[in-house]
Amino acid sequence: MKLLIFSLLSAFLLVRCQNPRKHWTLLPNILVVEVDGTLGQQPLSCLELSEERLGEHNRSLGIFWKKNGALEPQTGNLYMVQLVESLGGGNYTCHSEDGSLLNYTELLIHQEDQDSRRILVKGGKEDYLNCSAQSYSGEFHCSWTWHSSRVGKVAFVIAERFSSSNSTQCSLDANDQHWVCLSANGKVSCSVDDNERGVSCLDEQHCPYAEEHHPIHVTIFVRTEHYLLESYSKLFFMSEIVKPDKIAQLKGRCRRCENLCTAVKPSKLLTVQSTDGCQFKVKHRTKAVCVRAKDAFCNSQWSDWSHITLVKHMSHVACHTPL
């Protein structure tokens with residue numbers, strides 16, 4: 001009985017190892033394999049051959065393989081990648097007998113359960129991506145924070161006007177990490193910041209005076225040096241992320257007051273609704289005024305505080321808003 005159970009278990013593991021994993025193409029020559037922590041295999045083909053020719057000539061084609069530049073013992077047109085937990089990713093190249101490069105595949109590993117480890121860390125709002133816009137022009141910026149002990153880089157960016165029937169095609173200019181996504185709902189182009197801590201995007205068909213019918217969907221794919229891939233997404237309307245720039249300081253200077261507006265409790269709060277500017281009177285002996293702005297018609301974000309240090313005999317403060 002024990003022998004029968006052992007035989008059945010061995011047969012199950014053998015079949016499980018031979019079955020290929022769910023996989024999809026991130027970019028040309030970049031294959032992503034889904035893993036769940038168990039053993040498995042993923043076949044890679046060097047040349048496009050029919051199944052009949054593959055079976056007849058797999059060993060006689062004189063093809064050898066390398067993984068990350070190191071020679072592998074497997075030969076032939078078909079290479080079987082051994083997947084053990086999150087291991088197996090790498091840059092696989094196939095070569096002819098004279099050493100010439102025939103093809104290559106960068107294999108990335110995507111774990112089904114990503115809660116245990118993350119390449120990015122959550123920000124102040126418990127989101128991995130923090131997106132904001134200074135106006136309704138269609139330009140917006142999304143930023144993130146890398147984990148201190150995990151080295152990563154941006155692998156792919158998708159930004160689109162989202163709908164249930166969307167069919168989006170995204171292309172990459174590898175020279176400057178610039179992505180363009182086209183769909184029936186618009187065209188969104190994005191560029192990764194030089195420090196790879198954010199991405200700047202432009203919805204080229206966004207109308208600032210029209211109601212938004214479809215939200216923007218941003219997905220950032222990041223990968224580690226060990227070929228592990230993770231994805232982070234955020235869905236929003238432009239009106240939800242508008243955060244005006246700091247209000248211009250027309251008078252006065254600020255010295256040693258970087259945290260003045262957040263560290264000190266204000267003696268008075270005043271709300272002014274204005275489309276272009278405002279002017280208000282300040283009390284005698286007031287040392288500083290803190291000013292910020294937001295859209296009065298949408299539930300947008302507040303801008304960062306602007307500090308205005310009052311000079312002697314100054315009784316009025318004037319400011320203008322960028323909205």
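1. Let's start with a term: a salt bridge here is a side-chain nitrogen of Lys or Arg within 4 Å of a carboxyl oxygen of Asp or Glu. R150 and E230 form one, with their closest N and O atoms 3.4 Å apart. This pair ties together distant parts of the chain, as R150 lies in the loop between β12 (145-146) and β13 while E230 is in strand β19 (residues 229-236), 80 residues apart. R150 and E230 are both buried, where buried means under 20% relative accessible area, exposed over 50%, and partly exposed in between (1.4 Å probe, protein chains only).

2. A word on what you are looking at: this is a predicted model, in which local features need pLDDT of at least 70, side-chain atom pairs count only at pLDDT 80 or more, and totals for chains, interfaces and linings use all residues. Residues are numbered from 1 along each chain as its sequence is written, and side-chain values use heavy atoms, with hydrogens and water left out.

3. Now the overall picture. The protein chain has four helices and 23 strands; helices (H or I, at least four residues) and strands (E, at least two) are DSSP runs, numbered from the N terminus. Of its 323 residues, 36% are buried. Taking contacts (heavy atoms within 4.5 Å) between residues at least 6 apart in sequence, 59% join residues at least 24 apart.

4. Back to the charged pairs, of which the salt-bridge count is six. E212 and R161 meet at 2.9 Å, N to O. Here E212 comes from the loop between β17 (198-203) and β18 (216-224), and R161 from strand β13, 51 residues apart. Both of these residues, E212 and R161, are buried. Salt bridges that share partners also bring R161, D203 and E212 into one network.

5. Which side chains does K187 meet in a salt bridge? The partner is E204, at 3.7 Å, N to O. K187 sits in strand β16 (residues 186-192) and E204 in the loop between β17 and β18, 17 residues apart. K187 counts as partly exposed because its relative accessibility is 30%, and E204 is partly exposed as well, at 42%.

6. E160, in strand β13 (residues 152-161), deserves a look. E160 is buried yet has no salt bridge, and the nearest side chain of opposite charge, R161, is 10 Å away; Lys and Arg count as positive and Asp and Glu as negative, with His and the chain ends not counted. The E160 side chain does make a polar contact of 2.2 Å with that of T168. A polar contact is a pair of N or O atoms within 3.5 Å; within protein, one must be able to donate a hydrogen and the other to accept it, and residues adjacent in sequence count only if both atoms are side-chain atoms.

7. Strand β2 (residues 30-35) is largely enclosed by the rest of the structure, because six of its six residues are buried. I30, V32 and E34 cover one side, and L31, V33 and V35 the other. Strand β1 (residues 23-27) runs antiparallel to β2, joined by four bridges, while β2 and β8 are parallel over six bridges. Two strands pair if DSSP finds at least two bridges between them.

8. Finally, N103 is in strand β8 (residues 101-111) and is partly exposed, at 26% relative accessible area. Its side chain makes a polar contact of 3.3 Å with that of N29. N29 takes a positive phi near 70° in the hairpin of β1 and β2.
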